Amino acid sequence: MIEPVGDECLRARLVAALEDAGFGWEQVAGCRRLGGGTFSDVYGVRTAEGARAVVKLAPATGSPVLRYERGILGTEAWYLRTVRERTSVPVPTVLAVSAGDEGGPGDHLVTSECPGVPWEELARSVGAEARAALREELGGHMARVHAVTGTEGFGYPALPFGPLRSGWREAFLEMVDSVLDDAGRFGVTLPRPAGEIRDVIAAESSSLDEVTTPRLVHWDLWDGNILAERRPDGPRITALIDAERALWGDPVAELVSLALFHDITRDEPFLRGYRAAGGSVSFDASTRNRMALYRAYLYLIMWVEARPRRFGAAQLAWLERDVFEPLGVMLDAWARGEGPVAHWWPRG
C-alpha cells in the first residue's frame, strides 16, 4: 500500500531521495509515513523485490531550525558509518545521504530498515528478567561505541559549528551558547535570563576539563531510538537509530540521554553490561557534576525546540512540568552556590 505523501514538493523530494539510493519510484510497492520523530518527515519504503528502506527528509531550506540541526542528517550518516566500520553494534546501513550545508538543514538520508520495534513497545510485553537482559545488552553496545575515539577534537561535526574544538569544555559551552541564542531568535521564555544561564553553567564547568579524549556519543538514546525484537532465545536489540545529535564528547553524557527522567545509577543491568564490555564509569562528584550540566543542556534543547516545531498544548504542558520547571530548580540551586551535584537527577 502506498500512502499519500503530503504535498507535491514533499513527494518530489522523496522520489529524488530514493533515486539517490538507487530505487526508482516505479519499483515502490509500499510506502508509509513513520511516526516517533519531530524533526524530519520519515517514510518506510518497500520495493517489489522486497528491499526495505527508511527515508528521512529534513525540513525544507528556510524552515526554522536550531543551529545544531543544520546538516544533522549528515551527522547521523557519519555516526552510522562510523559505528558500522569500527564496532559490532547493530545500526542501519546508509544507502544515500544529502548532507546540506551551513546555510540550511540537510536534505535527505536513506538507510536500510532494521527489524524490530521501539524498546518501549516491546518492553511492555516482556517480563522483568527479559527487560533486564535487554538493558545489559544495551550497556555492552554502548561500551563498544564509547571505545571509538576521535583525533581531531570535540563537538558536533555539523558545519554550523565550524572546526572541532581542542577541549571539551570549550565545545560544550559553545553548544550551550548556541541553544541560548536559538531561544532568543525564536522568542522562547527561559527559566532565567540567557546571560545568567550562561554564567551559572560556565561557573560549574571546570569538571569538563577532566574529559581529555573525544569519544563517540549518540546522545539521543531514549527508548524510541532503540529497536528490539523477540527471538527464540529471548528478546534482543536489533538497532540503535536516529543519531542526529551525535558528537565527539564525553561518554558520561550518554548516561543522561539513556535515563533522562530516571536515575542511571540504579540501572544495575545496564551498568553491569557496560562494565563487562570494557566501559568505565564511577559516580563520583565530578561525574555527577558533569551529568547535571548535560541534563541542563538537553532540557534547554527540549524546551527551545518546541517553538520552531510548533508543539501542541498537551506536549507543551508536559515539557513545562517535566523539563522547564526542573531546569529552573537546577539553575536556581546553582545560582545560590549549591552546585549541581545535589540536583543532577530529575524529581520523582
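Which residues in H5 meet which residues in H6? On the H5 side they are Arg-169, Phe-172, Leu-173, Val-176, Asp-177, Leu-180 and Asp-181, and on the H6 side Ala-194, Ile-197, Arg-198, Ile-201 and Ala-202. The model is a predicted one.

## Helices H5 and H6

By class, this contact of H5 with H6 holds eight nonpolar and four charged residues, and no polar ones. The axes of H5 and helix H6, which covers residues 194-203, come within 10 Å and cross at roughly 165°. Angles over 145 degrees count as roughly antiparallel, and H5 and H6 are therefore roughly antiparallel to each other. Their crossing is right-handed.

## The five-stranded sheet

Five strands make an open sheet in the order E1-E2-E3-E5-E4, and the pairing is antiparallel. The edges are taken by strand E1 (28-34) and strand E4 (94-98); each has a single partner strand, so one side of each is left without a neighbour in the sheet. From one strand to the next, the twist averages 15°.

Ala-96 stands opposite Val-110 in E5. Helix H1 (residues 8-20) packs on this sheet and touches E1, strand E2 (41-47), strand E3 (52-57), E4 and E5. The direction of H1 makes about 130° with that of E3. Helix H2 (residues 72-86) also packs on the sheet, where it touches E3, E4 and E5. The direction of H2 makes about 150° with that of E4.

## The three-stranded sheet

Another open sheet has three strands in the order E6-E8-E9, with antiparallel pairing. Strand E6 (117-118) and strand E9 (236-240) are at the edges with a single partner strand each, so one side of each is left without a neighbour in the sheet.

E6 is joined by two bridges to strand E8 (residues 226-229), and these strands run antiparallel. Val-117 has Ala-228 in E8 as its bridge partner. Helix H4 lies across E8 and E9, and runs at about 40° to E9.

## Helices H4 and H8

H4, made of residues 128-146, also packs with helix H8 (residues 268-276). Their axes come within 6 Å and cross at roughly 40°; H4 and H8 are therefore oblique to each other. The crossing in which H4 passes H8 is right-handed.

In H4 the contact involves Ala-132, Arg-135, Glu-136, Leu-138, Gly-139, Gly-140, Met-142, Ala-143 and His-146. These meet Pro-269, Phe-270, Arg-272, Gly-273 and Tyr-274 in H8. The residues of this contact divide into seven nonpolar, four polar and three charged.

## Helices H9 and H10

H9 and H10 pack at an angle of about 140°, with their axes 10 Å apart. That angle makes H9 oblique to H10. Their crossing is left-handed.

The H9 side of the contact is made by Ala-292, Leu-293, Arg-295, Ala-296, Tyr-299, Leu-300, Met-302 and Trp-303. The H10 side includes Leu-316, Trp-318, Leu-319, Phe-324, Leu-327, Met-330 and Trp-334. By class, the residues of the contact of H9 with H10 are 16 nonpolar, no polar and three charged.

## Aromatic pairs

How many aromatic pairs does the count come to? With ring centres required to lie within 6.5 Å, the count comes to 13 aromatic pairs. In the case of Phe-172 and Tyr-294, the ring centres are 5.5 Å apart and the planes are at 75°, so the pair is edge-to-face.

This pair links distant parts of the chain, with Phe-172 in helix H5 (residues 168-186) and Tyr-294 in helix H9 (residues 285-305), 122 residues apart. Phe-172 is also one of the H5 residues that meet H6.

## Positive phi angles in loops

Asp-242 is not a glycine, although its phi is positive, at about 55°. Asp-242 is found in the loop between E9 and strand E10 (247-249).

Arg-310 is a residue other than glycine with a positive phi, near 55°. Arg-310 is found in the loop between H9 and helix H10 (313-335).

Key. Residues are numbered from 1 along each chain as its sequence is written. This is a predicted model: local features need pLDDT of at least 70, side-chain atom pairs count only at pLDDT 80 or more; totals for chains, interfaces and linings use all residues. Side-chain values use heavy atoms; hydrogens and water are left out. Axes are lines fitted to C-alpha atoms, for helices over the stretch in contact, and angles run from 0 to 180 degrees between N-to-C directions. Helices (H or I, at least four residues) and strands (E, at least two) are DSSP runs, numbered from the N terminus. Angles under 35 degrees count as roughly parallel, over 145 as roughly antiparallel, 65 to 115 as roughly perpendicular and the rest as oblique. A crossing is left-handed if the near helix is turned anticlockwise from the far one by less than a right angle, and right-handed if clockwise. Contact means heavy atoms within 4.5 Å. Ala, Val, Leu, Ile, Met, Phe, Trp, Tyr, Cys and Pro count as nonpolar, Asp, Glu, Lys and Arg as charged, and the others, Gly among them, as polar. Two strands pair if DSSP finds at least two bridges between them. Rings of Phe, Tyr and Trp (its six-membered ring) pair if their centres lie within 6.5 Å; planes under 30 degrees apart count as stacked, over 60 as edge-to-face and the rest as tilted.
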